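Please keep the sequence and the structure in view while reading.

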Amino acid sequence: MYPDARVISLGIGDTTEPIPEVMTSAIAERSRALSIGDGYSGYGAEQGEKQLSVAIASSFYGNLGIEEGDIFVSDGAKCDISRLQAYVDSSVIMGQTRLFQKDVETDIIFFCSPNNPTGATATREQLTKLVKFAKRNGSIVVYDSAYAMYIPDDSPPPYLKFLELKRYDDVAIETASFSKHAEFTGVPLGWTVVPKELLFCDGFPVAMDFNHTVCTCFNGASNIAQAGDLACSSLEGLEAMRQVVGFYKENTDIIVDTFKSFGFSVYGGKNAPYVRVHFPG
């Protein structure tokens, strides 16, 4: 009926702005290097390039004791979550969709904060309770922090500090992504932190098990994408990502204020760039 209408899909949280130049310059340079003998590289380590793992550990985890060997660079947090047998879609594929059973021990807890798409963000107290529950029940927490950079610096918990609170490294795995912070949805790249202190009940390191999974089903992230993401971890790259996040947060504020001015009830818009508006009737 409206062949020329531009339809916006609300089924996926895609980005709309150009990738910051500090990243595209690094991508272009790495791409050109592939055309010469000294610059060519083929398959890399399935765990990611060491230089990038070192940069992620330093830039995003500071003095939390996370080392490059704890980090697995991937083609996005969504793929890593699937490798961790995560969320409803993968559970359906595996037939794990029985009714909730209250008294059954919980092996894995998938926790997304800020939540996608509500933006609901766990407080430090709530995270502490989650970890105590996991410790008490022998559970592993898979913490999805893809939208962590949308949390204001003065809000608990600070950016990517889930592994800080004394410390959660013996119960938690953390997944993260550059997609929403650096406009990398078209060249997806993320990472998963599997701390060396995280062990199965028999003492076997979870990281070794995950490494086996990664090496079996994954050939490693694109070396071109990794070059761009290495630039993300620089001071200039971090500032560029903050500007990207600020742009989307400003747009979110405009949408919230506009609908509120018309008298609509508005939900969300905090700690994630998603807004829900209630239209009566």
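## Basis of the report

The model is predicted, so that local features need pLDDT of at least 70 and side-chain atom pairs count only at pLDDT 80 or more, while totals for chains, interfaces and linings use all residues. Residues are numbered from 1 along each chain as its sequence is written, and side-chain values use heavy atoms, with hydrogens and water left out.

## Overall fold

The protein has 9 helices and 7 strands; these are DSSP runs numbered from the N terminus, helices being H or I with at least four residues and strands E with at least two. Of its 281 residues, 41% are buried. Buried means under 20% relative accessible area, exposed means over 50%, and partly exposed lies in between (1.4 Å probe, protein chains only).

Among contacts with a separation of 6 or more, 72% are between residues 24 or more positions apart. A contact here means heavy atoms within 4.5 Å.

## Nonpolar cores

A nonpolar core is a set of buried Ala, Val, Leu, Ile, Met, Phe, Trp, Tyr and Cys residues joined through side-chain atoms within 4.5 Å. The largest has 47 residues, and I56, F178, W191 and M241 have the most contacts inside it. Helix α9 (residues 235-261) gives the most to this core, with 6 residues. A second, separate core of 7 residues includes I109, A134, V141 and V171.

Apart from neighbours within four places in sequence, F178 has contacts that include I56, W191 and M241, and also E183, D229 and S233.

## Helix α9

Helix α9 has 27 residues and spans 39 Å from its first C-alpha to its last, close to the 39 Å expected at 1.5 Å a residue. The expected span is 1.5 Å times one less than the number of residues. Just after α9, G263 takes a positive phi of about 90°.

The buried residues of α9 include M241, V244, V245 and Y248. Their packing partners are α1 (21-33), α2 (50-61), α6 (179-182), α8 (223-232), β6 (265-268) and β7 (275-278).

Strands β2 (residues 108-112) and β3 run parallel and are joined by 5 bridges; strands pair if DSSP finds at least two bridges between them. Together, β2, α5 and β3 make a right-handed β-α-β unit. Right-handed means that, with the strands pointing away from the viewer, the path from the first strand over the helix to the second runs clockwise.

S139 lies in the loop between α5 (124-137) and β3 (140-144). S139 counts as buried because its relative accessibility is 4%. Beyond its neighbours within four places in sequence, S139 contacts T106, D107, I109, F133, A134 and V171. Of these residues, I109, A134 and V171 are included in the second core.

## Cysteines

The structure holds 0 disulfides, a disulfide being a pair of cysteine sulfur atoms within 2.5 Å. For C79, the closest cysteine sulfur is that of C217, and the distance of 9.7 Å is too far for a bond. C79 is partly exposed, at 29% relative accessible area, whereas C201 is exposed, at 89% relative accessibility.

C215 is in helix α7 (residues 206-217) and is partly exposed, at 32% relative accessibility. C215 contacts E46 and Q47, leaving aside neighbours within four places in sequence. Although C215 and E46 are 169 residues apart in sequence, their C-alpha atoms are 5.8 Å apart in space.
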